[in-house]
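Could you walk me through a few backbone and packing details of this protein?

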Amino acid sequence: MTYRATIGLEVHAEVKTKSKMFCGCQNAPHGSQPNANTCPVCLAHPGTLPVVNEAAVTKVLQFGTAVGGSIATFSEFDRKNYFYPDIPKAYQISQYAYPFVSGGELAGVALTRVHLEEDTARSQHDQGVGSVVDFNRAGVPLMELVTEPVIHDADTAVTFAKELQLMLRVLGVSEANMEQGEMRVEANISVSMNDELGTKVEVKNLNSFRAVKEAIDYEITRQTRLLESGTSVRQETRGWDETTKKTFTQRSKETAKDYRYFPDPDIPKMRIDTYAPFVKSRLDESTPELPNKIREKYQNLGIKSTDIETILADDKLRLSFEQLLQIIPTGQSSIAALAVNYLLSDVTILLSGQNMTFLDIPHVQYLKLITMLADKKIGSRVAKDLLPEVLSTGADPEVLARERNLLQESDPEALRTVVIAIIQEHAVVVADYRAGKEAALKFLLGQVMKQTRGTADPVLAESILQAELST
Ligand SMILES: [Zn+2]
């Protein structure tokens, strides 16, 4: 008899807008001075009223359109009542009966709903002064996505979370950095021997893809062992301890009833389908290229699928490459592929050494260098030599190559002169080659490259060398 796990995910993502969800405060929960971005509304002073942030709603509707969900015609905000030090109103404004988006699908996983709510403040217990609360995050727009319980293993959950992060970034909905808490994953996990779902345990605080994987695997094993030993699984909320790699009991799970949801009387009801900025054609119009389209586009440029995933997994790298694509002339896909090869190798190493990101690359000059390489105006040795200077100073590689006499020598007569001189200088090696020692040719070619300081076209040089040696 085997147990099968069933997993549903709940993901919260901080929505990237200028201001908070219901007030004009700056939406900058990370890196600001504590409590710098607060006002009477997000501090819940009596008599203050919330005003809905249209940009936040637009982004959630755009997300809903991108995942093929159905957009609500009518929607409203509800109060979710609970008392906690980080929730100054003693309720959170969320959505209950009428989420903005229902259904949809992402990475093969069916979605239940997507709604919008406000984030809580942040309690800190490690400042040496008891517990303190930072309200910069209070009222930041937070998108909540709930999947159907259709996932059965940790790897599928991780794949889904990665694709969601990419989708959020591509759409500009959220930066979705998990380490910063911009995207937070919770997993509802149950184990059962038949088609009926077992008792559900919710695991919170999953702040990395690795934590998602490890916590789900741990929880499946824990629940399976309990059931195998004849003990029942308790319905509860558990946390994930990154140090011990174990989940632990936080509290018994609340149900919706505990929250006493009711429509927020301070916020007008919304007719989504009749409000011009929210109509489907407007949303479609402003939706950028989606991840699968981007994959297809890169594939058509001849980029390997592993390289495509590397680019997509790094937002700065993707945006940098997109900038290059803007300036690569159409029909020059080989240049795009060559640009990627250098981005993923030499450029990656150089940037980390110089404390730069992919977005700091001087794209025009970088592309010029790659084009010169593709056009054989310079060789790969020279390209690698010029690259650090081009990246850090934005210098024009053509000017550098000309000034330093590094342009590739592809004049056969000039190369023949060099080759003849090398052959005369290395009589012993030449004799070795003629006696059948193939490696001798590599040595002689190396000498030609050295003599020309890497500017010789290596293919041409080799053929001239072979021709001269056989006479
Ligand atoms: Zn405020």
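**Helix packing, loops and domains**

The axes of helix α12 (residues 412-425) and helix α14 (residues 439-451) cross at roughly 125° and come within 10 Å. Helices (H or I, at least four residues) and strands (E, at least two) are DSSP runs numbered from the N terminus.

This is a predicted model, where local features need pLDDT of at least 70 and side-chain atom pairs count only at pLDDT 80 or more, while totals for chains, interfaces and linings use all residues. Residues are numbered from 1 along each chain as its sequence is written.

Q: Is α12 oblique or parallel to α14?
A: Angles under 35 degrees count as roughly parallel, over 145 as roughly antiparallel, 65 to 115 as roughly perpendicular and the rest as oblique. The two axes cross at roughly 125°. Therefore α12 is, relative to α14, oblique.

Q: Which residues of α12 and α14 make the contact?
A: Two residues are in contact if their C-beta atoms, placed from the backbone, lie within 7 Å. On α14 the contact involves L444, Q447, V448 and Q451, and on α12 it involves V418, V419 and I422.

Q: Is A90 buried or exposed?
A: A residue is buried if 20 or more other C-beta atoms, placed from the backbone, lie within 10 Å of its own, exposed if 12 or fewer, and partly exposed in between. A90 sits in the loop between β4 (78-81) and β5 (91-94), and its phi is positive, about 70°, although it is not a glycine. Because A90 has 11 other C-beta atoms within 10 Å, it is exposed.

Q: Is A176 buried or exposed?
A: A176 belongs to the loop between α2 (154-170) and β12 (183-192), with a positive phi near 55°. Most residues other than glycine have a negative phi. Because A176 has 22 C-beta neighbours inside 10 Å, it counts as buried.

Q: Which residues does V41 touch, not counting residues up to four places away in sequence?
A: V41 lies in the loop between β1 (4-14) and α1 (54-66), and it is buried, with 20 other C-beta atoms within 10 Å. Leaving out residues up to four places away in sequence, V41 touches F22, C23, T48 and P50.

Q: What distance separates the centres of domain 1 and domain 3?
A: Domain bounds come from an automatic or database domain assignment, which gives domain 1 (4-280), domain 2 (291-403) and domain 3 (412-469). Taken over C-alpha atoms, the centres of domain 1 and domain 3 are separated by 67 Å.

Definitions and conventions. Axes fitted to C-alpha atoms, helices over the stretch in contact; angles between N-to-C directions.
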